[in-house]
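Please examine the structure before the first question.

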Amino acid sequence: MSLREMLGKQPKSVTSHVGGRFVGAEGTPIEVVDPAQEAVIALLHEADGDEVDAAVAAARSAFDTGPWRGASITERQRVLMAIHDRIMDHAAELAELETINTGIPLTQTQGMHVPRAAHNFRFFAETINQLGGEAFTQERDVLSLVTHEPVGVCALIGPWNMPLGLTAMKIAGALAFGNTCVVKPSELTPLTVARLVELVADLLPDGVLNLVNGRGQVTGAALVSHPGIDMASFTGGTETGRAILTALAKGIKRPAMELGGKSASIVFSDADLDYALDGTLLGSFMNNGQMCLAGSRIFVQRPVADAFIERFAARTRNLKVGDPLQRGTEIGPMINRAQSERMLRYAETGAGEGARLLAGGAPYPGGNRGFFAQPTAMLAPDNGLAICQEEIFGPFATLQVFDEEEEVIAKANDSDFGLVGYVWTEAMERGLRVSSALRTGTVLVNTPIVRDLRTGFGGYKMSGLGREGAKGSRAMFTEEKATIIARGKRTFPAMGVSG
Ligand code: NDP
């Protein structure tokens with residue numbers, strides 16, 4: 001029997017993991033659905049305020065009195081590498097589970113998401129040995145040392161669009177720098193993170209890695225407003241980020257926010273157009289288009305615009321939509337019905353605003369189950385349209401025509417978001433010039449998505465606060481301490497002597 005059939009017959013029970021034990025199974029469970037089949041595949045036990053209390057208390061106690069915070073770098077590296085190996089030993093199972101739960105094609109979960117989840121742990125195992133502190137000696141009689149200490153209990157809140165990879169990045173960073181944590185995955189996609197916690201439970205001291213599940217408004221809100229946490233690292237939508245920031249502000253807790261995007265992909269007429277076409281398609285439609293860094297707001301320079309747009313539309317119509325477990329499927333279902341309907345409403349909104357439908361814009365005709373929608377492309381007359389300004393988070397690309405470099409830079413920057421920019425040109429001087437003009441945290445020149453964990457990933461403007469990556473994650477997960485040491489007896493004014 002396949003994993004999908006097994007889950008369909010006997011949905012998995014997903015509970016919290018607190019202080020080294022799986023707890024909680026009572027209460028009405030939340031149904032977790034396979035978006036391709038609309039079948040219930042898991043029953044999620046929702047953690048209430050008391051259970052969140054217990055998870056934070058377990059993490060607090062493990063941080064304050066447990067061995068993890070003071071463990072040597074060698075010991076932390078050993079554990080992080082063991083987690084890496086455990087993930088890779090179960091890579092096939094995790095990829096299939098991720099595909100069943102999210103609808104992301106198996107080729108992508110197998111080829112990218114699961115290896116990336118494992119790599120996060122390897123990366124931080126290497127990084128903690130390489131990132132040093134600082135020493136200053138400007139004052140001759142004083143040595144100033146800057147060191148980094150674990151921040152404490154980290155609340156780690158992940159999204160549904162790439163649950164294992166993105167949440168693993170947070171867990172790996174938090175653990176690497178000596179913290180303990182409480183993880184809250186999306187209620188829509190809890191399965192792989194729960195399995196990860198199960199798989200690595202014996203590798204960590206009790207209370208270091210705790211898991212709570214449930215709706216954001218209930219479990220998530222209880223976690224981020226809990227006085228016992230020291231920081232929260234969140235990946236998700238901008239509106240949710242705002243609510244979490246408000247909760248954190250009350251306790252003056254540190255936020256790290258990876259939020260939404262509406263990234264421009266600029267195709268200059270001197271680009272290698274076949275290559276740029278491949279790149280913009282992948283940048284728009286990978287992960288079913290449900291990507292924060294999707295480069296789906298595409299600008300094409302006029303001399304090549306007609307040909308490029310026609311070919312982009314034809315390739316969009318040709319994308320293979322279907323069962324994400326099948327080899328060859330390029331686009332799976334949206335995460336739920338609300339999301340697929342929302343995406344299709346944008347096609348209507350765009351048409352009402354004067355955009356021209358080039359491809360898709362309707363429910364997927366094949367099959368009567370699953371939250372499938374046709375990949376969609378629209379030609380937009382103006383960057384101010386809602387379809388060019390709002391994050392749609394589905395396989396939906398807009399195309400616009402431009403004439404001049406300055407004009408397209410202004411249009412690319414005309415967005416509330418500032419996550420990523422893509423530039424396609426054979427002139428490297430232009431690539432660098434446009435990169436420095438774009439108000440985004442990352443610019444990719446002549447390539448779709450590449451993530452180098454040594455560099456920080458995060459956004460300008462409403463795309464977030466902070467960076468994830470080597471130094472960015474250290475800033476997120478550590479407190480910086482200055483220790484000022486007198487090298488010998490110093491001379492300073494003596495007080496209260498003559499008085
Ligand atoms: P949401 O903002 O809806 O949810 C993200 C997480 O926050 C979920 O676990 C959710 O729980 C939880 N949550 C919701 N409300 C609260 C609350 N009040 N307090 C605490 N936690 C809460 O985002 P999505 O899951 O819909 O993810 C898609 C969004 O994530 C897109 O906007 C995308 O751009 C962004 N994203 C950003 C990335 C980046 O690196 N910048 C990367 C990937 C995605 P539940 O789902 O159970 O309600």
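Q: How many salt bridges count between domain 1 and domain 2?

A: A salt bridge is a side-chain nitrogen of Lys or Arg within 4 Å of a carboxyl oxygen of Asp or Glu. Between domain 1 and domain 2 the count is two. Arg 4 forms a salt bridge with Asp 323, with the closest N and O atoms 3.0 Å apart. This is a predicted model, in which local features need pLDDT of at least 70 and side-chain atom pairs count only at pLDDT 80 or more, while totals for chains, interfaces and linings use all residues. Residues are numbered from 1 along each chain as its sequence is written, and side-chain values use heavy atoms, with hydrogens and water left out.

Q: What area is buried between domain 1 and domain 2?

A: The size of an interface is often given as the accessible area lost when the parts come together. Buried area is the accessible area (1.4 Å probe) that two parts lose on being put together, summed over both. For domain 1 and domain 2 the value is about 2,400 Å², with carbon and sulfur atoms giving 55%. In domain 1, the residues that lose the most area to domain 2 are Glu 38, Trp 160 and Ser 463, together 23% of what that side buries.

Q: How many residues of domain 1 are in contact with domain 2?

A: Contact means heavy atoms within 4.5 Å. By that criterion, 28 residues of domain 1 meet 29 residues of domain 2.

Q: Is Ile 331 buried or exposed?

A: Buried means under 20% relative accessible area, exposed over 50%, and partly exposed in between (1.4 Å probe, protein chains only). Ile 331 has 0% relative accessibility and therefore counts as buried. Helices (H or I, at least four residues) and strands (E, at least two) are DSSP runs, numbered from the N terminus; Ile 331 is in the loop between helix H11 (302-317) and helix H12 (337-352). Leaving aside residues up to four places away in sequence, Ile 331 touches several residues, including Pro 105, Phe 285 and Pro 395. The C-alpha atoms of Ile 331 and Phe 285 are separated by 7.4 Å, although the two residues are 46 residues apart along the chain.

Q: Which residues of H16 are buried?

A: In helix H16 (residues 470-477), six of the eight residues are buried. These are Ala 470, Gly 472, Ser 473, Arg 474, Met 476 and Phe 477.
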